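Hello,

Here is the structure I promised. Please open it alongside this email.

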Amino acid sequence: MQLRPNIYAVGAIDWDRRLFDELIPLPDGTSYNAYLVKGSEKIALLDTVDPTKTDVLIDNLVKAGADRIDYIVAHHAEQDHSGGIPDILMLYPDAKVVTNPKCKGMLIDLLQISEDKFITVDDGQILSLGDKTLQFIYIPWVHWPETMGTYLKEDKIFFPCDFFGSHLATSGLFVEDEPVVYESAKRYYAEIMMPFRTAIKNNLEKIKDLQIDIIASSHGPVYDNPKFIIDAYKDWVSDNVKNEVVLPYISMHDSTRKMVEHFVDALIERGITVKQFNLSVTDIGKLAILLVDAATIVLGSPTVLTAAHPKVAYAAILANALRPKTKFASIIGSYGWGGRMVEQITSLISNLKVEILEPVIAKGYPKDNDFTALENLADKILTKHKELGIA
Ligand code: FEO
């Protein structure tokens, strides 16, 4: 498929992939986007594909008439984009891998590409293809330290690799349904980019003066309305939070469930939006996406062998790793005869810059005093949200 004259999308759609890094759910599959840019003098391939899809890339290169490749631009060393480089180098032995020094080192480590295959470029450096000019822009920590993008000056296309991407398999080259892509891109941001919010702010600032007509990321459809995704990112990385409580929970014998239900009613009565979900039936990506802008997280858990239910502990560990901008946290749940669940969960979310609000833990089935404590917790959350000016 052609983005513009002499610029081809030659990557692969992975309709059936359901897990990335053996961790991240992909409900809508993904794509590994690679682009062929034919200049009047030189031909460049921007990224490759996951090694499982190299045959698709090669087929697309043949269809695009790539009888020669001079440069393979490697924006990022992660194998879903770099994994095809060794095969492409075998097919096009005269090609050079163009990347920055940090990425070069990682490609040598990960893929054992030989040193003499590389040309390294500095931040801002230009590479002429004749009538098309590539400018390399370092955009570190979206989401690895070595990531860079390419700006194609004549066509005003920015190729930012993972940055602005979405795990979404579609047959269309360009975004056709912005709300659908918004959800996928937000999920992608939550799971991949959110820990690097500060770096992303810096990178948004760095590219703000580029004249961009098209953003062609390495996952998901291409943005021919770049403002849509840039504005979404500005919102996600901002310090703004919403009047929302995210409430992932597990219940084994209904004590915690009863508490969750009472607590959710109390929050709704106070005008607070609640996102309640049972961790035993909901994919963990839901937690990630809801943490992008919720002001408060409350974890609900029974006590299992003196600690939180392992699925709740897993959710806490993930939230801690994703480092959302959440402001407040608490814990509700139950126990039979003892345990240290509150201390354990609190230690698991130590990376979060949150104020811990007084947890509510019931002995056995919740009683009147527990329900009152839950209402008090809802009051406290409302007060805190009012202090932030969001309730
Ligand atoms: Fe899509 Fe970080 O690789």
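Below are some notes on a helix, a sheet, a loop residue and the cores.

This is a predicted model, so local features need pLDDT of at least 70 and side-chain atom pairs count only at pLDDT 80 or more, while totals for chains, interfaces and linings use all residues. Residues are numbered from 1 along each chain as its sequence is written, and side-chain values use heavy atoms, with hydrogens and water left out.

**Helix H8**

Helices (H or I, at least four residues) and strands (E, at least two) are DSSP runs, numbered from the N terminus. H8 covers residues 255-269, 15 residues in total. The expected span is 1.5 Å times one less than the number of residues.

Buried means under 20% relative accessible area, exposed over 50%, and partly exposed in between (1.4 Å probe, protein chains only). The buried residues of H8 are Ser-255, Thr-256, Met-259, Val-260, Phe-263, Val-264, Ala-266 and Leu-267. They fall within an arc of 160 degrees seen down the axis, so they line one face of the helix. The arc uses directions from the helix axis to the C-beta atoms. Ile-268 and Glu-269 are exposed, on the face turned away from the buried side. Just after H8, Gly-271 has a positive phi of about 80 degrees.

**The sheet**

Strands pair if DSSP finds at least two bridges between them. S7 (35-38) and S8 (43-46) run antiparallel, joined by four bridges. Lys-38 stands opposite Ile-43 in S8.

**His-309**

This residue is in the loop between strand S20 (307-308) and helix H10 (310-322). His-309 counts as buried, at 15% relative accessibility. Contact means heavy atoms within 4.5 Å. Leaving aside neighbours within four places in sequence, His-309 contacts Ile-250, Met-252, Ser-301, Pro-302 and Val-304.

**Cores**

A nonpolar core is a set of buried Ala, Val, Leu, Ile, Met, Phe, Trp, Tyr and Cys residues joined through side-chain atoms within 4.5 Å. The largest has 63 residues; Phe-164, Tyr-189, Ile-200, Tyr-223, Ile-229, Tyr-233 and Leu-287 touch the most other members. A second, separate core of 28 residues includes Tyr-8, Leu-36, Val-97 and Cys-103.

Best wishes
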